[in-house]
Amino acid sequence: MTDAPDLGVSLGPLALEHPLVDASGTFDLLEYARRYDGDYFADFPYAAYVPKTVTADPRIGNPAPRVSETPAGMINAIGLENPGVHAWIGHLGEWAALQQPVIVSVGGNEPEQYAAVLAALEAYLAAAPPGTAPHIEGYELNVSCPNVSSGLQIGADPVATAEVVAACREATGRFLLAKLTPNVRDVTEAGAAALGAGADGLSLVNTFKALVLDRQTLRPFLGNRTGGLCGPAIKPIALRMVAEVAQTFPDTPIVGMGGVMTGQDALEFIACGATAVAVGAANFTAFEAPQRILAELRDALEVHGFSSVAEARGVALRA
Amino acid sequence: MSGADAQTYGDHSQWAETSHCRVSGVRHFGSFAALELIAPRVARRASPGQFVMVTVPGGGFLLRRPISLFAAHGDRISLLIEARGGGSERLTQLDVGDGIDVAGPLGSAFPTESVTNALLIGGGIGCAPLQHLADELTAAGAHVTAAFGFRDFRSARAAGAFSIERLWVATEDGSVGKAGTVLHLLAALDVAPGTTVYACGPNPMVAAVQQWTFAEGLRGYVSLEAHMACGTGSCHGCVVDTARGKLRVCSEGPVFRLDEVTP
């Protein structure tokens with residue numbers, strides 16, 4: 001009988017208990033806690049918490065409808081609805097009991113707006129009495145939302161991506177991820193720009209810009225007209241892009257995501273070079289999805305004979 | 001986090017863990033099916049107006065379906081489902097003994113305290129939660145009248161699933177009950193002052209009912225329908241415009257004050 005596989009991973013300076021995190025915008029910790037009998041903070045299933053993207057100013061988001069199911073997936077156009085970083089900070093104390101690290105997802109239109117969010121959070125963390133703030137240990141720069149006017153303009157432009165990362169690098173010494181859009185010819189170009197400007201790691205992929213029509217009217221169904229496609233339908237493309245990025249930047253921390261529904265899916269992202277794996281749309285399918293996927297990942301590692309996640313990382317990339 | 005400060009209505013609890021249930025009864029009404037499920041933990045917590053997220057069995061559909069509670073008795077809940085697409089059609093084909101996963105009860109509930117006269121206004125499949133509400137109001141001694149509108153004979157088959165003593169039906173094509181919309185029914189009703197209105201149906205009906213209640217000087221509540229992804233407050237996919245800003249139908253709703261929503 002062999003020992004259970006070692007699930008721990010190092011995502012840059014973050015020591016994670018296991019490789020699974022939530023994809024930004026798909027999992028609201030306080031909403032889970034409200035609908036759970038036990039102490040959800042104690043039972044939190046992910047190794048780190050990535051909350052919904054926060055911006056400098058409040059955003060009301062896009063008009064309804066905002067979501068629709070598609071074959072093997074779904075499309076959404078929420079539009080980064082959030083109360084703005086200052087109101088958001090006012091609620092951060094409610095997460096203070098969370099033991100896992102928090103990676104804050106940050107959005108904006110201009111480099112200065114991203115940097116303003118980081119500056120506000122750094123000031124909050126510096127002033128917060130011990131035990132009153134969550135463990136914010138990193139940031140994920142969302143330069144890839146397809147549902148706001150600026151999103152793709154930044155993420156699809158390596159120069160604009162570098163400007164956002166550089167402004168944020170000046171604002172924090174914490175772990176800095178850039179979240180890449182798949183809506184580009186070569187995903188490694190934006191990756192190179194982000195790393196060159198000081199990002200510590202890359203997360204990918206955000207959703208694919210897509211269109212769904214109303215069956216009756218043959219008009220765009222979503223209030224925003226277009227939206228972002230996610231779910232199992234995008235997994236093979238996401239895997240290919242993670243593999244390309246991992247091959248190009250072999251020592252870079254990578255959070256891989258796109259249609260992860262099972263532990264086998266998570267293992268495949270790790271095999272393509274991901275350090276950690278984010279679970280997105282699967283959170284919408286069942287309250288217990290993260291616990292199930294983690295148990296399946298443990299089983300899948302054993303079945304494949306890996307003693308650790310680290311041992312499985314990148315095996316698909318070998319010649 | 002917009003929900004943290006928002007007021008929700010009714011004395012209710014929410015519970016999002018998955019219950020693996022069995023179908024204990026099925027009644028068909030044309031393209032509608034009333035499913036009874038053995039779901040003790042859901043039934044015990046359920047309040048009228050709340051909903052469950054139902055997994056479409058057999059695979060092939062990523063998202064769960066939000067379905068309002070049609071009834072809750074003892075350890076059983078009932079759901080009234082209309083076959084509208086591939087997923088809901090599969091749910092209407094379930095048989096006694098089949099397994100089905102549901103999560104709930106979720107969302108806000110209809111307030112029912114100190115209500116003596118209640119008028120329940122429903123349109124199409126939106127009538128479903130009003131049975132659960134009628135059961136609770138009647139048990140509390142309230143005088144309950146219901147007015148339901150359907151498009152045509154086919155959709156009016158759903159009325160057969162209901163057990164409400166004073167139930168009036170209208171169809172737009174005149175095939176069942178009064179000819180016209182539910183508004184035509186309301187015009188013919190003698191409504192006591194102070195009656196509490198409860199509405200659920202498609203947005204155009206809700207807007208018309210709003211106008212009517214303003215004109216009549218009545219107050220009430222509405223349960224809204226929306227396209228949802230998570231059903232549990234995470235994705236912000238199901239927002240509606242309200243006097244309190246954009247709110248999530250799944251989390252601050254589905255029950256809102258009738259005068260605060262812009263459906």
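The talk below goes from overall shape to domains, helices, core and chain contact.

Mentor: A word on conventions: residues count from 1 along each chain as its sequence is written, and chains are lettered from A and ligands numbered from 1 in the order in which they are written. This is a predicted model, where local features need pLDDT of at least 70 and side-chain atom pairs count only at pLDDT 80 or more, while totals for chains, interfaces and linings use all residues.

Trainee: What radius of gyration does chain B have, and what would a compact globule have?
Mentor: The radius is taken over C-alpha atoms, and the globule rule is 2.2 Å times the number of residues to the power 0.38. For 263 residues the rule gives a value near 18 Å, and chain B, at 17 Å, agrees with it. Along the principal axes, its C-alpha atoms fill a box of roughly 45 × 45 × 30 Å.

Trainee: How many helices and strands are there in chain B?
Mentor: Both are DSSP runs numbered from the N terminus: helices are H or I with at least four residues, strands E with at least two. Chain B has six helices and 17 strands.

Trainee: Into which domains is chain B divided?
Mentor: Domain bounds come from an automatic or database domain assignment. Here they give domain 1 (2–106) and domain 2 (117–262). The centres of these two domains of chain B, taken over C-alpha atoms, are 19 Å apart. Contact is called when C-beta atoms, placed from the backbone, lie within 7 Å. In chain B, 27 residues of domain 1 are in contact with 28 residues of domain 2. The domain 1 side of that contact divides into 17 nonpolar, seven polar and three charged residues. Nonpolar here covers Ala, Val, Leu, Ile, Met, Phe, Trp, Tyr, Cys and Pro; charged covers Asp, Glu, Lys and Arg; the others, Gly among them, are polar.

Trainee: Is A:Asp43 buried or exposed?
Mentor: Count the other C-beta atoms, placed from the backbone, within 10 Å of the residue's own: 20 or more is buried, 12 or fewer exposed, and in between partly exposed. A:Asp43 has 11, so it is exposed. Its place is in the loop between H1 and E4 of chain A.

Trainee: Which residues of H7(A) are buried?
Mentor: First, the general idea: an α-helix has 3.6 residues a turn, so residues three or four places apart point the same way. In H7(A), the buried residues include A:Lys235, A:Ala238, A:Leu239 and A:Val242. They pack against helix H6 (187–196), strand E9 (201–204), strand E12 (254–257) and helix H8 (263–271) of chain A.

Trainee: Which residues touch the most other members of the largest nonpolar core?
Mentor: Such a core is a set of buried Ala, Val, Leu, Ile, Met, Phe, Trp, Tyr and Cys residues joined through C-beta atoms within 7 Å. The largest one has 196 residues, and A:Leu141 and A:Val242 touch the most other members. H7(A) gives this core its largest share, seven residues. Among the residues that A:Leu141 touches are A:Val164, A:Val165 and A:Cys168, which are also buried residues of H5(A).

Trainee: How many residues does each chain bring to the contact between A and B?
Mentor: Chain A brings 35 residues and chain B 26. On the chain A side, helix H1 (29–34), strand E4 (67–70) and strand E5 (73–76) each supply at least two residues. That side divides into 16 nonpolar, 10 polar and nine charged residues.

How values were computed:
Contact = placed C-beta atoms within 7 Å.
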